[in-house]
Amino acid sequence: MSDLTTAQILGAVPVMVDGRPNIRTNQQVSLIAQAVADNLPSGALYRYHDEYVTISTIKSTNQDGETTTELEKRPMDPRRFTTWIEQYMTFSASAEDPVESMGKNMAELILASDYLRAAVPEIAEIMPVRLPAWGVGPKGERFLRILPAGYDPATRIYSAETVAWDANKVWPVDAVLRAMNRALASFPWAEKSAGPITHIRSASCFMAYMLGQFCRHLIGRQPMILIIGNQPGTGKTLLAKFALGPIYGVPNATPFPKDDAALQKLLFTKLISGAPYVLIDDLINLSSTTLNQYATSEAISDRVLGGNKEFCGVNRMQIVSTGNNLTVTPDIERRSLIIDLFDVCKSVEKNIANPLTEKVFSRPQWRREMLMALWSLVWHWNEQGCPSVCSASAMPSFEGFSEVVGSIVMTAGFISPFTKRPATTDGGDVRGNALERLLVALADKIQPETPEAPHTQLTHLYTVEAVMGVAGDLGLVDIICSGKNQNQSMGHQLRKLKGRQFVDSSGRVFTFGRREDAVSSQYNVVILSEPRM
């Protein structure tokens with residue numbers, strides 16, 4: 001018989017070696033596993049997606065000399081467990097035997113035991129910063145709170161503190177709006193003519209996107225985010241990362257996969273890893289059943305690559321995508337918040353003073369201030385009594401998002417992010433270059449009656465037939481037009497460019513058409529400046 005009491009075997013009154021509990025290995029495996037479970041410190045090990053993980057933070061210094069903190073989640077396997085467990089306890093066969101390391105076989109048995117499983121807290125979600133969540137008062141009343149750093153048993157959420165921010169301090173809404181207006185001033189919102197940022201539909205959608213990630217513990221599923229530009233260089237990717245930066249630092253972007261099978265593999269891998277978002281850059285098309293599935297399904301199940309094991313998990317991952325001139329189907333539109341960027345000038349030729357760069361997203365101070373700004377908007381809504389100024393039916397299938405996030409955005413003074421989106425169009429790079437050559441040729445034909453006369457405000461109204469004639473002379477018809485009706489195809493492509501500004505071969509800035517006139521078959525070219533060459 002053992003010379004240890006039952007309490008000592010089970011670890012309640014452990015024998016100590018070098019200040020650590022000593023577990024005897026000459027017992028039944030179940031007793032060893034229970035002793036390990038009883039003596040494991042709180043917070044040392046967690047279960048996540050039915051696997052054991054450890055969570056820690058790593059500090060480093062960035063190029064500006066600032067201290068940054070990153071979250072590290074590491075899986076636990078038997079090989080690692082044999083050495084990791086020794087920081088908390090020792091093992092020996094008897095009091096006379098020396099301390100020994102646990103073997104891999106024993107580690108496998110302990111990690112597979114129900115005793116350890118029952119003792120280790122299960123995590124539903126791991127976040128790099130503390131975010132708001134609902135609490136329940138003594139009478140069942142709901143109230144708003146900020147999750148503590150570490151593990152929260154009520155929500156089963158682990159919140160690291162990669163950025164320490166003060167939830168006790170809130171700023172006036174007007175001050176937050178002014179700061180956001182300055183931060184977002186360089187982005188060419190498609191509806192910029194609507195007035196201040198609070199009146200711009202795309203800006204309201206952006207705020208809902210940003211607040212949706214901040215309030216992810218207050219709501220259920222989030223809609224897909226689409227950021228669509230009318231040309232390369234409008235700032236789509238930067239804007240996508242801006243909304244994610246306060247919580248995640250510099251976000252990771254993934255190129256659009258080559259086919260739907262690769263897309264499914266990407267999204268499922270992200271889901272298994274517990275990614276709160278996936279950012280797909282330069283989306284080519286939206287005709288994907290996989291995107292539709294991940295945008296609306298509450299749970300996803302599939303076979304894990306490289307084995308027969310099937311994974312079924314709650315789908316809390318938000319899909320964020322960017323692209324140029326994407327055609328949006330009704331199915332995608334009802335699942336998405338769509339942010340439109342429209343640059344009237346050629347984006348690559350813009351000269352922006354003090355441009356925003358991704359570098360700022362890694363700065364702790366910027367992230368801290370943005371988290372406090374977002375919290376100020378949420379707290380303002382809370383102080384008003386959490387009014388449902390935006391109906392849950394504003395976006396079917398995403399009722400929690402529309403009722404909570406939509407209401408926070410509108411209480412801050414923005415128009416509804418679910419305001420009907422104006423129609424937009426699609427295009428492509430090769431075709432786009434051909435269209436630009438065509439427009440330059442059209443502008444070149446507009447000349448004053450005398451060489452001394454001014455060029456500014458010279459104008460000419462082109463019919464589709466006249467445009468087709470110029471395109472034919474340049475050999476561009478087959479590049480621009482598709483289908484049997486080339487005139488109709490040309491008109492479709494030209495309507496995309498209405499309201500844009502270009503530069504002709506003599507350096508004159510000109511505008512093509514009017515964006516408001518979306519159905520006209522005539523196109524007005526107006527010269528806006530004098531020649532530069």
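In the predicted model, helix H12 (residues 364-383) packs against helix H13 (residues 399-411) at an angle of about 95°, and their axes lie 9 Å apart. The two helices are therefore roughly perpendicular to each other. On the H12 side the contact is made by Leu377, Val378, His380 and Trp381, which meet Val404, Ser407, Ile408 and Thr411 of H13. The residues of this contact comprise 5 nonpolar and 3 polar ones, with no charged residue.

H13 consists of 13 residues and spans 17 Å from its first C-alpha to its last, close to the 18 Å expected at 1.5 Å a residue. Its buried residues are Phe401, Ser402, Val404, Val405, Gly406, Ser407, Ile408, Val409 and Thr411. Besides H12, these buried residues pack against helix H7 (201-214) and strand S19. Just after H13, glycine 413 adopts a positive phi of about 110°.

Strand S19 also belongs to an open sheet of 5 strands, in which the order is S14-S15-S18-S13-S19 and the pairing is parallel. The edges are formed by strand S14 (253-255) and strand S19 (336-341), each of which pairs on one side only. On average, and with direction ignored, neighbouring strands of this sheet are turned by 20° against each other. S14 runs parallel to strand S15 (residues 277-281) and is joined to S15 by 3 bridges. Proline 255 stands opposite aspartate 281 of S15.

Helix H8 (residues 236-248) lies across strand S13 (224-229), S14, S15, strand S18 (318-324) and S19, and runs at about 155° to S18. Helix H10 (residues 289-296) packs on the sheet as well, where it touches S13, S15 and S18. The direction of H10 makes about 140° with that of S18.

A further open sheet is formed by 4 strands in the order S5-S4-S3-S7, with mixed pairing. Strand S5 (67-75) and strand S7 (122-123) stand at its edges with a single partner strand each, so one side of each is left without a neighbour in the sheet. The partner of S7 is strand S3 (residues 46-48); these strands run parallel and are joined by 2 bridges. Within this pair, tyrosine 48 has isoleucine 123 of S7 as its bridge partner.

Note on methods:
Residues are numbered from 1 along each chain as its sequence is written. This is a predicted model: local features need pLDDT of at least 70, side-chain atom pairs count only at pLDDT 80 or more; totals for chains, interfaces and linings use all residues. Side-chain values use heavy atoms; hydrogens and water are left out. Two strands pair if DSSP finds at least two bridges between them. Axes are lines fitted to C-alpha atoms, for helices over the stretch in contact, and angles run from 0 to 180 degrees between N-to-C directions. Angles under 35 degrees count as roughly parallel, over 145 as roughly antiparallel, 65 to 115 as roughly perpendicular and the rest as oblique. Contact means heavy atoms within 4.5 Å. Ala, Val, Leu, Ile, Met, Phe, Trp, Tyr, Cys and Pro count as nonpolar, Asp, Glu, Lys and Arg as charged, and the others, Gly among them, as polar. The expected span of a helix is 1.5 Å times one less than its number of residues. Buried means under 20% relative accessible area, exposed over 50%, partly exposed in between (1.4 Å probe, protein chains only).
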